[in-house]
Protein chains: 2
Amino acid sequence: DIPIESFQAAYKWEDFKKNSDGMVPVIVQDYRTQEVLMMAYMNEEAYEQTLKLGKMTYYSRSRQELWLKGLTSGHYQYVKELVADCDMDTILAKVSQIGAACHTGSKSCFFNEITKKDYEESSNPLQVFEEVFDVI
Amino acid sequence: DIPIESFQAAYKWEDFKKNSDGMVPVIVQDYRTQEVLMMAYMNEEAYEQTLKLGKMTYYSRSRQELWLKGLTSGHYQYVKELVADCDMDTILAKVSQIGAACHTGSKSCFFNEITKKDYEESSNPLQVFEEVFDVI
């Protein structure tokens, strides 16, 4: 009952360089806010299903099975864009995230702060310009 | 001759879950634009040096050695924030990138487009609000 939209891919699974587990890590980013939501891994089946359904599908290393994100939680990730890096060993996925990406209920899985420099979080683009201007 | 600024960390290397190569993947994001620049890997030495120098240091899997990013190119990455994910097996680094992150000269390593849905890239925040408003 969920919308399906298939994608054509410019690269085949064979084109990717795999890690020592035979998988490719996928960085998942909110396509609107650019917030990094999570990281997960794909095997060939996950890659093909992601393209076929237009919904992010991974390989769960803990459960050792194909994992259509959102199938149990409803928190689907609709594919907006997939980009590979210069050496074809990492995928960046820009997605439309339904609900929370993290199983903890957090929007993003990245919430355990290790360290932070004291700087102004500038959600206001004007502030960025002002800071650049100050440097100049 | 480059500025050094040490960071205190809330987590020790032992707190991280390592991948099968004994390393932790690091997603590197521009702290101002939120653009994802690259992915690299840290071992313990790289983690400690990153905190000590305030500059991103990785373990180069191809050269099998410690890799202070920018040491040869000048394209240093100054640490702004380090965050770990919910299960402590991935680090997100927000950095101030000098020059290009990619060895190809590209700002970001992610330029090999796999697939893309036709949507408006909204660099203009107003446009995002307008789109949200349309949905409501």
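This is a predicted model: local features need pLDDT of at least 70, side-chain atom pairs count only at pLDDT 80 or more; totals for chains, interfaces and linings use all residues.
Buried residues account for 48% of the 136 residues of chain A. Of the contacts in chain A between residues at least 6 apart in sequence, 46% join residues that are at least 24 apart.

Helix H1 of chain A, residues 44-53, has as its buried residues Ala46(A), Tyr47(A), Thr50(A), Leu51(A) and Leu53(A). An α-helix has 3.6 residues a turn, so residues three or four places apart point the same way. The cover over the buried residues of H1(A) includes strands S2 (36-42), S3 (57-60), S4 (65-68), S5 and S6 (91-97) of chain A, and it also includes S7 of chain B. After H1(A) comes Gly54(A), which has a positive phi near 75 degrees. In strand S5 of chain A, residues 77-85, one finds Glu81(A), which counts as buried at 7% relative accessibility.

The relation between the chains comes next. Two copies of a chain are related by a rotation about an axis and a shift along it. Here chain B is superposed on chain A by a rotation of 180 degrees with 0.0 Å of shift along the axis, at an RMSD of 0.0 Å; the two copies are thus related as by a two-fold rotation axis. Among the residues of chain B, the one whose C-alpha comes closest to this axis is Gln34(B), at 2.9 Å. Gln34(B) belongs to the loop between S1 and S2 of chain B, is buried with a relative accessible area of 17%, and has a phi near 70 degrees, a positive value in a residue other than glycine. Most residues other than glycine have a negative phi. Met88(B) also has a positive phi, near 60 degrees; this residue is placed in the loop between S5 and S6 of chain B and is buried, with a relative accessible area of 11%.

At the interface, 53 residues of chain B are in contact with 53 residues of chain A, and 100% of the interface residues of chain B are also interface residues in chain A, so the copies meet through the same surface. Together the chains bury about 4600 Å², of which 58% is on carbon and sulfur atoms. Phe110(B), Ile114(B) and Thr115(B) contribute 17% of the area that chain B buries against chain A, more than any other three residues. Polar interactions are present as well, with 28 residue pairs in polar contact across the interface, both residues at pLDDT 80 or more, and with four salt bridges between chain B and chain A. In one salt bridge, the side chain of Glu5(B) meets that of Lys117(A) at 3.1 Å, N to O. The elements of chain B that give two or more residues to the side touching chain A are S1, strand S2 (36-42), helix H1 (44-53), strand S5 (77-85), strand S6 (91-97), strand S7 (110-116) and helix H2 (125-135).

Strand S1 of chain B, residues 24-30, includes Asp30(B), which is buried with a relative accessible area of 7%. A polar atom of the Asp30(B) side chain lies 3.0 Å from the backbone nitrogen of Thr33(B), and the side chains of Asp30(B) and Lys107(B) are joined by a polar contact of 3.2 Å. Apart from neighbours within four places in sequence, Asp30(B) is in contact with Glu35(B), Leu37(B), Val95(B) and Lys107(B).

The cysteines complete the tour. The number of disulfides over all chains is zero. For Cys86(A), the closest cysteine sulfur is that of Cys102(B), at 3.6 Å, which is too far for a bond, since a disulfide requires sulfur atoms within 2.5 Å. Cys102(B) is likewise in no disulfide, and its nearest cysteine sulfur, in Cys109(B), is 3.5 Å away. Cys86(A) counts as partly exposed at 22% relative accessibility, whereas Cys102(B) counts as buried at 3%.

Key:
Residues are numbered from 1 along each chain as its sequence is written. Chains are lettered from A and ligands numbered from 1 in the order in which they are written. Side-chain values use heavy atoms; hydrogens and water are left out. Copies are superposed by least squares on the C-alpha atoms of residues with pLDDT of at least 70 in both. Contact means heavy atoms within 4.5 Å. Helices (H or I, at least four residues) and strands (E, at least two) are DSSP runs, numbered from the N terminus. Buried means under 20% relative accessible area, exposed over 50%, partly exposed in between (1.4 Å probe, protein chains only). A polar contact is a pair of N or O atoms within 3.5 Å; within protein, one must be able to donate a hydrogen and the other to accept it, and residues adjacent in sequence count only if both atoms are side-chain atoms. Buried area is the accessible area (1.4 Å probe) that two parts lose on being put together, summed over both.
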